[in-house]
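This report concerns how the chains of an assembly are related and how they meet. The structure is shown first.

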Number of protein chains: 4
Amino acid sequence: MNAPTGSSRVTVRVRFCETDLMGIVHHASYLAYFELARVEWLRRRGVTYAEWAAQGLHLPVVEATLRYRAPARFDDLLTVEVTLDELRSASLRFGYRVLRRDEVLVEGMTRLACVDAHTRVRRMDEAMTTALTAPETPGYEGAL
Amino acid sequence: MNAPTGSSRVTVRVRFCETDLMGIVHHASYLAYFELARVEWLRRRGVTYAEWAAQGLHLPVVEATLRYRAPARFDDLLTVEVTLDELRSASLRFGYRVLRRDEVLVEGMTRLACVDAHTRVRRMDEAMTTALTAPETPGYEGAL
Amino acid sequence: MNAPTGSSRVTVRVRFCETDLMGIVHHASYLAYFELARVEWLRRRGVTYAEWAAQGLHLPVVEATLRYRAPARFDDLLTVEVTLDELRSASLRFGYRVLRRDEVLVEGMTRLACVDAHTRVRRMDEAMTTALTAPETPGYEGAL
Amino acid sequence: MNAPTGSSRVTVRVRFCETDLMGIVHHASYLAYFELARVEWLRRRGVTYAEWAAQGLHLPVVEATLRYRAPARFDDLLTVEVTLDELRSASLRFGYRVLRRDEVLVEGMTRLACVDAHTRVRRMDEAMTTALTAPETPGYEGAL
């Protein structure tokens, strides 16, 4: 239904509690990193996802894939590069790369559905689509 | 208005993701153990907390203390002993001991308030109080 | 390099802390369910994964996919059906279905590498391969 | 054995996955906030806790208390004020206040022991004590 738009790069510091007994970041933690990066991606395009959620509009994850190339460790300063790869009338797909400096540690994607408070699929309206295809606000000082 | 009631003992297996890079169970995981033990404590007295929550009645934690005596490790089979220590008109206090066989690893307590869906304090009605002061259903085969 | 083997079915009760503000189980929680089911799958074939880990042998997740069909909710009693789908010399792939009674809520897979304590790939020895291709121990009363 | 020192204020954005079905931040999430604030407190005094951990020096939590005054919500920008309240030869106690603007949401403390890689108590050496009693590095731009 539509074309991809830009990317955003979000910084996240690995927390102690996100590691496991292997001494590395637990593989499930990256879904949290993807999620916070997605929320920041929206914020930098003028969308406060918390407001959408408060209005009963949700974007639940309906599909996720992750490929783990190299482990991240406690206290690493990671960059999550997030890109809207596909925008349909009632779903979106984001792609992710988690980097430590220039090294790609994890790649992945999530597909999200657009649903109302009763988990019924709903089409995105024009205001939403406009926000989702907007470029990142210039000069954004994106600290988490 | 008062008087404690019995205890329940709930078994929980430590998950890999609950460990941290020290190779032990992360200290925040015990709040999850306390919570699931509390839910089981209620179930064994005829209360499905999920139903209370669905009806907009919640028991949020308003105070918690934890004392860590010895670390638990991945795959340990733990026993959480949970006791209702105090029952007031709009709050309860549970005490906990987490054991590995006979060794006490963690002790703690949580105080819970009784609130409605709008986080307003509400008094517990008689049905609730009756359930909370009931003994554990005999013959309960308490698998999680 | 080798043929798949059997499946196991592991029961897990949804914890309160695994839900999110949508009122459903957070999508990252399923990676924890997959993980605990995998550990039980191994246990029912005579393998205590904690012992492998203590000896410096790890099976980190190198790839994961999840498809979310329907949401699970707090206190649901779920079944995780886990199957070894592929066994290679230094990697394995498990498939998963998370069910609530007969309804499939989530499907997924994880690919695991076999590594030593320094995250170097190592081939599985014959004892490991034998364990991984063994059937589930009969009469296992698989409570978590 | 010794005197308290200064405080630091660390900013943290509430993640979606940290909420629960009550629509508020799950009570266990605050232990993660305390922890990351503590790590930043150390960093601003020249200590990279990850390096201590890599050298086998750990500061496990041996006691924690939390008092919940008001709920935080998804996407709230919180301030964690962390203060070293007590410094002994082999333990420390930090106090915390979690604020949303001027409102105190949660207060708490954690006591940490100083242990080696084998969980044996060890006394802190002079370099450690010096770092722990140093003031916050001026001009620190404390993004997480």
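The sections below treat the basis of the values, the symmetry and one interface.

## Basis

The model is predicted: local features need pLDDT of at least 70, side-chain atom pairs count only at pLDDT 80 or more, and totals for chains, interfaces and linings use all residues. Residues are numbered from 1 along each chain as its sequence is written, chains are lettered from A in the order in which they are written, and side-chain values use heavy atoms, without hydrogens and water.

## Relation of chains A and C

Chain A is superposed on chain C by a rotation of 180° with 0.0 Å of shift along its axis, at an RMSD of 0.0 Å (least squares on the C-alpha atoms of residues with pLDDT of at least 70 in both copies). This is the relation of a two-fold axis. Within chain A, the C-alpha nearest the axis belongs to T65(A), at 2.1 Å.

Of the interface residues of chain A, 100% are also interface residues in chain C, so the copies meet through the same surface.

## Interface of chains C and D

Nine residues from chain C and nine residues from chain D make the contact (heavy atoms within 4.5 Å). The buried area (accessible area, 1.4 Å probe, lost on being put together and summed over both parts) is about 810 Å², with 78% given by carbon and sulfur atoms. On the side of chain C, F16(C), L21(C) and H26(C) lose the most area to chain D, together 59% of what that side buries.

How values were computed. Buried area is the accessible area (1.4 Å probe) that two parts lose on being put together, summed over both.
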